[in-house]
Amino acid sequence: MDLVPALEEPLKQPLKSVLGPATAKVMAEHLGLHTVGDLLHHYPRRYEERGQLTHLADLPMDEHVTVVAQVADARLHTFASSKSRGGKGQRLEVTITDGSGRLQLVFFGHGVHKPHKELLPGTRALFAGKASVFNRRLQLAHPAYELLRGDTDEAAEAVDSWAGALIPLYPATAKLESWKIAKSVQTVLLSAQDAVDPLPPSLREGRGLATLPEALLKIHRPHTKADIEDARTRLKWDEAFVLQVALARRRHADAQLPAVPRRPSPDGLLTAFDAKLPFTLTEGQQKVSKEIFDDLAAEHPMHRLLQGEVGSGKTMVALRAMLAVVDAGGQAAMLAPTEVLAQQHHRSITEMMGELAEGGMLGGADKATKVVLLTGSMGTAARRQALLDLVTGEAGLVIGTHALIEDKVQFHDLGLVVVDEQHRFGVEQRDALRGKGKQPPHLLVMTATPIPRTVAMTVFGDLETSVLDQLPAGRSPIASHVVPAADKPHFLARAWERVREEVGNGHQAYVVCPRIGDEEDDPKKAGKKKSPEDEAEKRPPLAVVEVAEQLTRGPLQGLKVEILHGRMHPDDKDAVMRRFAAGETDVLVATTVIEVGVNVPNATVMVIMDADRFGVSQLHQLRGRVGRGSAAGLCLLVSEMPEASPARQRLNSVAATLDGFELSRIDLEQRREGDVLGQAQSGVRTSLRMLTVIEDEEIIAEAREEAAAVVAADPDLENLPGLRTALDALLDEEREQYLDKG
């Protein structure tokens, strides 16, 4: 269900009953619109001014476009054709102009007669179709068109159907042109007068916002640019406020849940662990730990998001919280997204704890507990023992994958759940693990993906946020450079020399590739159209298997090279990682399976092949795997993309800064909103139509405050029936769970 204000009858009417079954079917199948309310929230993408002409010069290729332009010239060509009767075929070529550029329209065969009569020089019309290049000229083949002036009834009706001076252009498809959507909107617009307003009157009047019926009218039929601005501001508020109320109610409900307060004993496991640490915690780690310990001591469950740059010491903070809970008689579980990461966490935590992780064993310390690993690929005997240790309480700490959530897994007294890389887990998984406690356990969610403040407020709005932005002492800076492999092949040769130099100095290297390379059917070989400048895109992305082979035969001959990817058997993966961590392997050629959590301080250089195939945040995550020890880190971003391409500009941004929050803003500005929210929200289509989380930071922050105040005063919204209706439509039970974040 989309996040739009709920509208009472008749806006819940199915489009079928208003527009007829044929149009309704196309709208449902191609645009996902089912009700009158859905259609009214399908907002224009932009507006054309009558008399002002669009920029034909800026037409995007291979996209369905709508332009307003004037016919400059029309010529009918006759040519020999074996397919036509009489052996003659016809082609109509119409040139249109808008002052910025010219565009050719082409009609063939029987399709030439109507446009030949109607598209006379001087005629203005809306044209819609897919822009393509033919004989090095931009053209639309067989475009649909709608006349904007003339004496015919059709043209007069077209002009009338857009009241006012601005023509709305809608996100359209080949099956449904913008003006057909506009006519359908015209048909249902009267229903907008019955829209139930979700905003409390005091909020709306206090901020001088338009009513909802007024906003819907102004967004679809504006007379001035000020109308559009009024409507957009109001509709943004709806989206921000309804979402923030949902999140505020979730926080309020969570605060009512009972939880067992967990206070560490003054001379227990945590104290013993801290005494063993060979370094002091950073100021940031101490501050965040205090926030967490305060939450753990409360009688309602902690719900905290811990954001920390790659290598900022999040695992240390989480481990101390887990030990505090064990001290207080409970158990703590850490949930990792992959087996490689679960094994890595288990290994590093047992190493950090030493004899404190050997509870019940000979040589274990007095205050020790047991740390168990639980993954899907464990042998039966090991799994049975781990399950027994959990149910008896013998194991204070458990680290695992989603195997932890299975019904068979029972805890003695689960007090804290730590979820690593939260966006990789669905809501159901998080809730299932929560349900393992006698009372709801405390929850700490960790992410190394820096999230701009507004995205955190929107996507993780039900969690309190802590940020670790200091790197621990001893961490080394990472130098990043773009290697333009196509323009300057000698730069790539030099990159491999640098790898050999690092290995010669006793260090190790990663080489990252976008693909594994043992696929039976390579999806990239399917005939997908490429834009002209994307020459590098024509070949499949580089693959681990092939690159490793080329390197061992070529520039890295004589070095110990191994491969790691997600399709290997878990035991093999673990063995490869152990050898690399032990320094037995010089170069690890891997997919992004190493993106999170892999910690090998001796690895100092990373070469990312086809770096343009990765997102900004992903590159930043990958880069964080080097420079983890005392030696400086080096990250080389290899790309064949041309210097002026957006892909290269993106790589330059990554090379220019190590600030993850800065990069996350760049990432968000360069990608469509939905990609970011969609990824963070379990991949479900973004619910924000009008709101943009970077530009509208102020609205989101204010809506959050207003929502918190409204919910604190009236948690069940008894005095706000309009808002209650909006939320009911937005949040059926499943959706409310879903806002708990995936």
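This is a predicted model: local features need pLDDT of at least 70, side-chain atom pairs count only at pLDDT 80 or more; totals for chains, interfaces and linings use all residues.
Residues are numbered from 1 along each chain as its sequence is written, and side-chain values use heavy atoms, with hydrogens and water left out.

**Entry 1: the whole chain**

I looked up the overall figures and found 26 helices and 21 strands in the protein chain. Of its 742 residues, 54% are buried, where buried means under 20% relative accessible area, exposed over 50%, and partly exposed in between (1.4 Å probe, protein chains only). The accessible surface comes to about 32,300 Å², and 51% of this belongs to carbon and sulfur atoms; such areas come from the Shrake-Rupley method with a 1.4 Å probe, and for residues only the protein chains shown count as cover. I also looked at contacts, meaning heavy atoms within 4.5 Å: among those between residues at least 6 apart in sequence, 75% join residues at least 24 apart.

**Entry 2: the seven-stranded sheet**

I traced an open sheet of seven strands in the order β11-β12-β10-β13-β14-β9-β15, with parallel pairing; two strands pair if DSSP finds at least two bridges between them. Because β11 (370-374) and β15 (464-468) stand at the edges with a single partner strand each, one side of each is left without a neighbour in the sheet. The twist from one strand to the next averages 20°, and for such angles axes are lines fitted to C-alpha atoms, for helices over the stretch in contact, with angles running from 0 to 180 degrees between N-to-C directions.

Within this sheet I followed β9 (residues 303-308), which runs parallel to β14 (residues 442-447) and is joined to it by five bridges. Gln307 has Thr447 in β14 as its bridge partner.

At β11 I again counted five bridges, here to β12, with the two strands running parallel, and Val371 stands opposite Leu397 in β12. Is β11 buried or exposed? Five of its five residues are buried, so β11 is largely enclosed by the rest of the structure. Both of its faces are covered, with Lys370, Val372 and Leu374 buried on one side and Val371 and Leu373 on the other. Helix α14 (residues 380-392) lies across β10 (331-335), β11 and β12 (395-400), and runs at about 130° to β11.

**Entry 3: α12 and its lysine**

I returned to Lys314, which is buried with a relative accessible area of 10%. Leaving aside residues up to four places away in sequence, Lys314 touches Leu306, Gln307, Gly308, Glu309, Met446, Thr447, Ala448 and Leu468.

Helix α12 (residues 314-327) packs against helix α13 (residues 339-353) at an angle of about 70°, with their axes 12 Å apart. The two helices are therefore roughly perpendicular to each other; angles under 35 degrees count as roughly parallel, over 145 as roughly antiparallel, 65 to 115 as roughly perpendicular and the rest as oblique. Thr315, Met316, Leu319 and Leu323 in α12 meet His345, Ile349, Met352 and Met353 in α13.

**Entry 4: the six-stranded sheet**

I then traced an open sheet of six strands, with parallel pairing, in the order β16-β21-β20-β17-β19-β18. Its edge strands are β16 (478-484) and β18 (561-564), each of which pairs on one side only.

Four bridges join β20 (residues 603-608) to β21 (residues 633-639), and these strands run parallel. Val607 stands opposite Leu636 in β21. Helix α20 (residues 616-623) packs on the sheet, touching β16, β17 (508-512), β20 and β21, and its direction makes about 150° with that of β20. Helix α21 (residues 646-656) also packs on the sheet, where it touches β16 and β21 and makes about 160° with the direction of β16.

**Entry 5: a loop glycine and a buried helix**

I found Gly517 in the loop between β17 and α18 (544-553). Its C-alpha atom is separated by 7.8 Å from that of Leu542, 25 residues apart along the chain.

Lastly I checked helix α8 (residues 212-220), in which seven of the nine residues are buried, so α8 is largely enclosed by the rest of the structure. Its buried residues are Leu212, Pro213, Ala215, Leu216, Lys218, Ile219 and His220.
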